[in-house]
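I opened this structure for a first look and kept short notes. Here is what I looked up, entry by entry.

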Amino acid sequence: MIDGIVAGRGGEAGIVEERRRVGAYGVCRDGERVLLVRGADSSDFPGVWQLPGGGLEHAEHPEAAVVRELAEETGLTVRVVGLRAAVADVTRYPELSVALHTDRIVFDVIPTGGTLRDEADDTTDLARWFTPTEAAEVPLLPFTAELLGLPVVPLSPRVAREPFAPPAVDRHQRFAAYGLVTDPAGRVLLTMIADGYPGAGKWHLPGGGTDHGEQPAAGLLRELVEEAGQLGRVVDLIAVHNLHNPAALGPEGRPLDWHGVRVIYRVRVDAPTEAVVTELAGGSTSRAAWFTPEQVDGLPMTDVALLATGRRGG
């Protein structure tokens, strides 16, 4: 499925409004020590430690976001040296009837300058280096504990939180997961975008927007079944693709400033079958097919498919 808009649900008594957010975070090490920041009193989780990072600004590439956030929260300038993980979690705010799904892209970074200092008057108030033993002794956000290999303890946000701002009507940020899918023979699986969708007629990577509450890798494997009828396994996370289209058209034909963030996994289908689209008629995928590496050359492909396959396309 290509990126599309999924509206949050809300406005009715007892109905939880589903919100989405994309953030970028950095694992910054000094020997065995890791850099963590503490939530300030104004944050949702005061006194709780996490990897430095935060939400993407509109149109911002995740790599740029993690560099900016590290500078703001710790005073250090850093360079991205690797892509570590893409995970998701949901924080519920019962008093606001909101469930916030956060997709977190985690990078490995190294410091290149600056001096460690605390952030003032914002959502973090301390920045410190921790050994594994020291990190195990402080409260950690679940995603941070999991990435550090420490026990995960569920947490609830503070109750006295300001209401969420109304969703923007003229711009949209969308998170999606795609796969460079291969089989034991080295063939590549691609899907064709259906008529009526942006990029119609081009070959695309299997995948699409994740559901609220869904992990990125799980969403990709679900899409792989729906778009091509294949059962796959995720091998590793290989890239992040950023798309900004300020002149897109929304579902009502109204101009929409569109920001798409896509993570790309390497996926293996160990027992390939004929590729068949199984999603309902009218979906964004019209065809699916296996191609040898030679056949891929010259195909009309989307930018994200070109990036993943290393081809120039036609």
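**Entry: Thr144**

I began with the side chain of Thr144, which reaches the backbone nitrogen of Leu51 at 3.1 Å. This is a predicted model, where local features need pLDDT of at least 70 and side-chain atom pairs count only at pLDDT 80 or more, while totals for chains, interfaces and linings use all residues. Residues are numbered from 1 along each chain as its sequence is written, and side-chain values use heavy atoms, with hydrogens and water left out.

Where is Thr144 placed? I found Thr144 in helix 3, residues 142-147. Helices here are DSSP runs of H or I with at least four residues, strands are runs of E with at least two, and both are numbered from the N terminus. Is Thr144 buried or exposed? Thr144 is buried, with a relative accessible area of 0%. For that term I note the cut-offs: buried is under 20% relative accessible area, exposed is over 50%, and partly exposed lies in between, using a 1.4 Å probe and protein chains only. I then listed what Thr144 touches, not counting residues up to four places away in sequence: Leu36, Gln50 and Leu51. Contact means heavy atoms within 4.5 Å.

**Entry: Arg20 and Thr210**

Next I looked at Arg20, which lies in strand 1 (residues 17-30). At 31% relative accessibility, Arg20 counts as partly exposed. Which side chains make polar contacts with Arg20? I found the side chain of Asp103 at 2.8 Å. I also found the side chain of Thr210 at 2.8 Å. A polar contact is a pair of N or O atoms within 3.5 Å; within protein, one must be able to donate a hydrogen and the other to accept it, and residues adjacent in sequence count only if both atoms are side-chain atoms.

Leaving out residues up to four places away in sequence, Arg20 touches others too, including Leu100, His101, Arg174 and Phe175. I also checked Gly213: Arg20 and Gly213 are 193 residues apart in sequence and 9.5 Å apart in space, C-alpha to C-alpha.

Then I followed the contact to Thr210. Thr210 sits in the loop between strand 11 (207-209) and helix 4 (216-228). At 1% relative accessibility, Thr210 counts as buried. Beyond its neighbours within four places in sequence, Thr210 is in contact with a list of residues, among them Asp103, Ala176, Ala177, Pro216 and Arg222.

**Entry: salt bridges**

How many salt bridges does a search of the whole structure find? I counted 19 from that search. A salt bridge is a side-chain nitrogen of Lys or Arg within 4 Å of a carboxyl oxygen of Asp or Glu. Side chains of opposite charge can pair when their charged atoms come close.

Arg19 bridges to Glu17, with the closest N and O atoms 2.7 Å apart. Arg19 is buried at 15% relative accessibility, and Glu17 is partly exposed at 21%. Asp30 and Arg33 meet at 2.4 Å, N to O. Asp30 is partly exposed at 37%, as is Arg33 at 30%. Glu72 bridges to Arg68, with the closest N and O atoms 3.4 Å apart. Both lie in helix 1 (residues 62-74), four residues apart, about one turn of the helix. Glu72 is partly exposed at 34%, whereas Arg68 is buried at 18%. I also logged a network of salt bridges that links Glu57, Glu60, Arg68, Glu69 and Glu72.

**Entry: rings**

I searched the whole structure for aromatic pairs and found four. The rings of Trp49 and Phe130 have their centres 4.8 Å apart and their planes at 70°, so I logged the pair as edge-to-face. The pair links distant parts of the chain: Trp49 in strand 3 (residues 49-50) and Phe130 in strand 7 (residues 124-130), 81 residues apart. Rings of Phe, Tyr and Trp (its six-membered ring) pair if their centres lie within 6.5 Å; planes under 30 degrees apart count as stacked, over 60 as edge-to-face and the rest as tilted. Both Trp49 and Phe130 are buried.

**Entry: strand 7**

I stayed with strand 7, where five of the seven residues are buried. Six bridges join strand 2 (residues 33-39) to strand 7, and the two run antiparallel. Two strands pair if DSSP finds at least two bridges between them. Gly39 has Thr124 as its bridge partner in strand 7.
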